Amino acid sequence: MSEPAVDGATVEVVRSYLVSAAEEMRAALVRTAFNPVIYEVYDFGISLYDRHLRLVAESTGLSRFLGANDYSIQRGVEYVGRDNLHPGDVVLLNYPYWNAAHTYDATLFAPVFLPGDAEPIGFLCIRAHWMDLGAKDPGYVLDSTDMHQEGIIFPGTKVYARGEPVHEIHELIRFNSRMPELVLGDLNAQIAALRTGERRMTELYRQYGPTMVDAVIDRVIAAAAESAAEAVAALPQGSWTAEDWLDDDGVTDDPIRMRVTVTVADGTFTVDFTGSSPAVAGPVNLPLGATIATCRVAFKAITTPTEQTSAGHFAPLRVRTEPGSLFHAQYPAATFTQWTGTVALELIYRALAQGMPDRLPASSGGDVPGFMMVGPHPDTGRMFAVSNNDPVGWGGTPHHDGIGPANHLCQTQARNTPVEVLEARTGMFFERVEIRTDSGGAGRFRGGCGLRRDIRFVSSGEFLSVIKKTKTAPWALDGGLSPEPNQVVVFPGTDREARVSTKRTPVEVGDRVTLLTAGGGGHGDPRRRDPEAVRRDVAEGYVSVHAAHDLYGVTA
């Protein structure tokens, strides 16, 4: 059968319809989720696929989740088998090495059928963070040494079969969670969002017909591949290597080496992690799919950042790893604390900055400073686990200052957990939240500032800090200066005061913690900064009078 003639207007209508369907799924998820990390932070990824499992549309969320969806749905459908997928089915996948994430990032996917059809017209996928699913510790697992300490595993298990809930699986989830109401509530929120996407996709196919929609999708993906190829061809050609270190793996205090070589040549963009550390004992190892997702974020940002994403955009990308290494975890390696991907994203940019200095900023805080409190709620006595990823300063660029404090660049549309939610849902009271003067790296274009947060505990529990770059500073460019790294100070001003990075700390009523997030790296010689810009920084509290004189040579 010959392919139908497809005009440009139809292409745009169908493409926009698919993107709109993804956004409607997002709205349904946010409105019905029980967990603040979903409805406040947007710790999720929503993706739509055609009948060939090619990405055709996605919604805003965590960028690395979106890339991970592409990997996990391939593995999930392969495991379940297409012949075993029926209308109304929903499959749960959280096996880390297939799911491209840790066990609490629960991926649900569903086939979409037209009435009477034996084959699906497409697939839908939603990944969202659940707060508890049978791991050895509540909240985050910071010191696991194998996968089986990190929660109950679903390798591709139907939670709905032919439109009906699978009671036994729902009960298995219920009895393996310390917070079953929240987890099952979020499961049902994801189901509601998937059903929204099913309705929209079937409406589209009924309106235009499968032949026309499939032809449009082919054209959209081909156009994306062409656009990505043109972007790669326009990049400087060459090969560049960078190295960095993680603080530790959560089990030992040994730093962990990360190495990447990025090569742009012959129409391809290759990211090679050869030379990085072998897999380590603690849970900082990345499954291969998570590594690929990180590379996709970097690649998309440097090639076609303003275009709606489809499978074609990643055609020139190649990712190389060594099986059994830090960036290619294999069973039963621990994978829960995946901050490695954040540091790796910046490492890719650090390599690229050597060959494309006019395109890349300095380091943006180096990492995502995460924290969480778990324990019994002081009012209800029920277990809670509520987290937040704090903002950092973005790096200075060749053309302007870095912004900050702001969510790390790896988080795209993700947000912070509001103070009001943290105080209402946990035993934390926030005595101070303010921008840190002099926290951005000095430069002709300075890095954005970081944040200070002082917490007093009004109930007992555990405070979890999750940061993997507190011992090495974010990097600067072209003569700029590096800022101080992220810091967490537990029990400040007491004989128990200590600086920690990733740690589970028991706390009692009246204990305090101070979090100091890093600013961005500076770009260019600080002495070349416009003196009026320095004086303005001093007036606005970003730079102190002392730093203006000593670092910039300006009397404010």
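**Exercise 1.** Find how strand 1 and strand 5 are joined, and in which sense they run.

*Solution.* Step 1: locate strand 1 at residues 44-50. Strands are DSSP runs of E, at least two residues, numbered from the N terminus. Step 2: count the bridges. Seven join strand 1 to strand 5, and the two run antiparallel. Two strands pair if DSSP finds at least two bridges between them. Step 3: pick one link. Leu48 has Leu124 of strand 5 as its bridge partner.

This is a predicted model: local features need pLDDT of at least 70, side-chain atom pairs count only at pLDDT 80 or more, and totals for chains, interfaces and linings use all residues. Residues are numbered from 1 along each chain as its sequence is written, and side-chain values use heavy atoms, with hydrogens and water left out.

**Exercise 2.** Describe how strand 5 pairs with strand 4.

*Solution.* Step 1: strand 4 covers residues 105-112. Step 2: eight bridges link strand 4 and strand 5, in the antiparallel sense. Step 3: Thr107 has Arg127 of strand 5 as its bridge partner.

**Exercise 3.** Decide whether the residues of strand 5 are buried or exposed, and sort them by direction.

*Solution.* Step 1: strand 5 spans residues 122-129, and eight of its eight residues are buried. Buried means under 20% relative accessible area, exposed over 50%, partly exposed in between (1.4 Å probe, protein chains only). Step 2: recall that side chains in a regular strand alternate between the two faces of the sheet. Step 3: Gly122, Leu124, Ile126 and Ala128 point one way. Phe123, Cys125, Arg127 and His129 point the other way.

Note on methods: Helix = DSSP H or I, 4+ residues; strand = E, 2+ residues; numbered from the N terminus.
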